[in-house]
Structure formats: structure tokens, C-alpha cells
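I opened the notebook with the coordinates loaded and went through the chain by topic. The entries below follow the order in which I looked things up.

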Amino acid sequence: LVVLVLLHPHSNLVVFCFPPRWYLKMLQCYHCRQWFHEACTQCLSDPMMFGDRFYVFYCSVCNQGPEYIKRLPLRWVDVVHLVLYNLGVQSKKKYFDFEEILAFVNHHWDLLQLGKLTGTPVAERSTHLLDALNSYKSRFLCGKEIKKKKCIFRLRIRVPPNPPSKLLPEKVDSRVSELKKGGGSKHSHKNRSAS
């Protein structure tokens with residue numbers, strides 16, 4: 001990990017992580033836009049997935065107290081995108097058999113922190129995953145498109161999924177003062193993500 005000591009845009013001296021790279025599991029403060037390694041934060045109760053930006057995070061400086069984090073909801077297309085990105089980062093392969101994708105999802109079900117999707121029975125997951133893979137041709141490439149097996153898939157562009165911007169707070173300053181009251185910690189993360 002590389003750590004820099006810089007002037008924070010909203011206070012005095014503070015430590016920042018560098019360089020910002022998605023595959024290093026980093027959070028970006030929504031207010032000051034600085035990046036923090038997963039290991040350098042105090043608010044996460046579960047390990048992050050590679051490229052997972054489905055969080056609203058405020059550093060302790062911007063929140064004027066403990067860090068704040070809230071998990072953003074994921075759709076099935078986001079789950080598939082995140083899984084294919086993680087499989088690609090971990091194995092360096094381009095294509096993945098559907099069974100590999102399904103096995104990864106089932107093995108990492110809790111780490112994916114799926115919110116409303118968490119209650120999906122194991123028997124129904126494959127249907128949702130296949131539907132997302134076949135419905136979002138702009139994100140996913142099926143092997144049959146390039147005359148390979150029809151049950152292998154990859155990302156068209158190997159980048160992490162984008163979180164939904166419409167769910168992020170519009171007025172940052174008023175949101176920060178509201179967050180300070182609530183704060184966020186390792187112990188309250190799961191309770192807050194349900195709200």
C-alpha cells in the first residue's frame with residue numbers, strides 16, 4: 001500500500017491512499033473525492049469485492065467524526081458484471097463458463113452484500129444470472145457471438161460496473177451534516193445497509 005500525507009481540501013493534514021485503482025479494493029469519499037484502500041478504512045464489516053463501487057462513503061474528515069458507509073442496491077446485471085470483473089482480475093482469463101459464474105456467485109453470496117436480492121433461493125439464481133447475461137448485450141459477450149460455445153461469457157469491456165448515480169445524494173453539504181449525527185462503523189454497517 002502506498003500512503004501519502006497531503007492537505008485535505010476540507011481540513012488540515014490527513015493521510016490519503018494512492019494510487020486509486022479499482023482492483024485494489026478502494027473507496028472514494030463522495031464529498032472530497034479522495035481514495036482510501038479497504039485496509040485503511042474503519043467502517044467496513046465485510047471484505048470488498050474487486051471493482052465494487054456500490055457504496056456511499058464519507059471519510060472521517062468530511063463526516064467530522066467516524067467514517068460513514070452505506071451499501072447501494074445491486075440489480076442482477078450489476079451482480080453479473082461484478083462477478084465477471086472479479087473472475088477476470090483473479091484468473092486473467094477472458095471467457096467464463098456459466099457454471100463458473102454461478103459457482104462464484106453461490107460461493108461469495110454473503111460477500112456480495114446483495115440487499116433485497118439476498119433472499120433469492122439457490123435454485124432461482126441461475127435463471128436471474130442467465131437472464132442478465134442474455135439481456136445486456138452491450139455489457140456481456142456470449143461465446144456464440146464469436147462462434148465459440150454458447151454457455152461462455154465475458155465482459156465486452158473489462159471495467160468494473162458503475163453504481164447507479166441517481167441513488168447518490170444530490171446535496172453533499174446537507175448530507176454530510178446528517179451523516180455526522182448517524183455516523184457509520186464496522187458494527188453498524190449491516191444495520192445501516194438494510195435502511
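For the entries on helices I took a helix to be a DSSP run of at least four residues, numbered from the N terminus. The model is predicted, and I read everything below with that in mind.

Overall. I counted six helices and nine strands in the protein. Of its 195 residues, 46% count as buried.

Helix H2. I checked the length of H2, residues 76–91, against its residue count. At 1.5 Å a residue its 16 residues should span 22 Å, and the end C-alpha atoms are 22 Å apart, which agrees. I then asked how much of H2 is buried. The figure is 14 of the 16 residues, so H2 is largely enclosed by the rest of the structure. Lysine 92 follows H2 and has a positive phi, near 70°.

Other positive phi values. Most residues other than glycine have a negative phi, so I wrote down two further exceptions. Arginine 33 is not a glycine, yet its phi is positive at about 70°. Arginine 33 sits in the loop between strand E3 (26–28) and E4, and at 44% relative accessibility it counts as partly exposed. Glutamine 64, also not a glycine, has a positive phi of about 50°. I placed glutamine 64 in the loop between helix H1 (60–63) and E6. Its relative accessible area is 55%, so glutamine 64 is exposed.

Threonine 41. This residue belongs to the loop between strand E4 (35–37) and strand E5 (55–58). Is threonine 41 buried or exposed? Its relative accessibility is 5%, so it counts as buried. A polar atom of its side chain lies 2.9 Å from the backbone oxygen of glutamate 38. Setting aside neighbours within four places in sequence, I listed its contacts as Leu27, Phe36, Phe57 and Glu67.

Strand E5. Phe57, one of the contacts of threonine 41, points the same way from E5 as Tyr55. Val56 and Tyr58 point the other way, and all four of these residues are buried. E5 runs antiparallel to strand E6 (residues 68–71), joined to it by four bridges. In E6, arginine 71 is the bridge partner of tyrosine 55.

Three-stranded sheet. I traced an open sheet with the order E7-E9-E8 and antiparallel pairing. Its edge strands are E7 (96–97) and E8 (140–142), each pairing on one side only. E8 pairs with strand E9 (residues 152–155) over three bridges, in the antiparallel sense.

Cysteines. How many disulfides are there? The count is zero, taking sulfur atoms within 2.5 Å as the cut-off. I checked cysteine 62: its closest cysteine sulfur is that of cysteine 59, 3.6 Å away, which is too far for a bond. Cysteine 62 has a relative accessible area of 4%, so it is buried. Cysteine 43 is at 0% relative accessibility and therefore also counts as buried.

Note on methods: Residues are numbered from 1 along each chain as its sequence is written. This is a predicted model: local features need pLDDT of at least 70, side-chain atom pairs count only at pLDDT 80 or more; totals for chains, interfaces and linings use all residues. Side-chain values use heavy atoms; hydrogens and water are left out. Helices (H or I, at least four residues) and strands (E, at least two) are DSSP runs, numbered from the N terminus. The expected span of a helix is 1.5 Å times one less than its number of residues. Buried means under 20% relative accessible area, exposed over 50%, partly exposed in between (1.4 Å probe, protein chains only). A polar contact is a pair of N or O atoms within 3.5 Å; within protein, one must be able to donate a hydrogen and the other to accept it, and residues adjacent in sequence count only if both atoms are side-chain atoms. Contact means heavy atoms within 4.5 Å. Two strands pair if DSSP finds at least two bridges between them.
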